Amino acid sequence: LMPLAMKIAVESNQLPYDVRNYVWTHGFGRMLADLRDKNHIKRKGEELATIVNHLVVEQREVIVVAKSGGTAVALDALSRLETDSVAQAILLSPA
């Protein structure tokens, strides 16, 4: 829901951003596994870091927005990146 709301807000306000949704979860209804599976969080953090690195190579400004359990994935990804790779990191309701 958050990526869709963010995309609508960006488009309706004609902001110069491209909203991309990174699906990191185990799937619908698997919240406990999402929060407890540290290996999964690390794998998804590594994948997200790779995506961000590609955007940096393309000289895109990157802002990472994560919510709840996704903040663990975002923090893992951020720890793998070069300093200043990401313009901002916004962590909402970290779990």
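Me: Before we start, what are the ground rules here?
Reply: It's a predicted model, where local features need pLDDT of at least 70, side-chain atom pairs count only at pLDDT 80 or more, and totals for chains, interfaces and linings use all residues. Residues are numbered from 1 along each chain as its sequence is written, and side-chain values use heavy atoms, with hydrogens and water left out.

Me: OK, how many residues are in the largest nonpolar core?
Reply: 14, with Leu48, Val52, Val62, Val64, Val73, Leu81 and Val86 having the most contacts inside it. A core here is a set of buried (under 20% relative accessible area, 1.4 Å probe, protein chains only) Ala, Val, Leu, Ile, Met, Phe, Trp, Tyr and Cys residues joined through side-chain atoms within 4.5 Å.

Me: And what does Val86 touch?
Reply: Beyond its neighbours within four places in sequence, Val86 is in contact (heavy atoms within 4.5 Å) with Val52, Val62, Ile63, Val64, Leu78 and Leu81.

Me: Switching topic, where is Pro94?
Reply: Pro94 sits in the segment after strand 2 (88-92); strands are DSSP runs of E, at least two residues, numbered from the N terminus.

Me: Buried or exposed?
Reply: Pro94 is exposed, at 55% relative accessible area, the cut-off for exposed being over 50%.

Me: Which residues does Pro94 contact, then?
Reply: Ser68 and Thr71, leaving aside neighbours within four places in sequence.

Definitions and conventions
Helix = DSSP H or I, 4+ residues; strand = E, 2+ residues; numbered from the N terminus.
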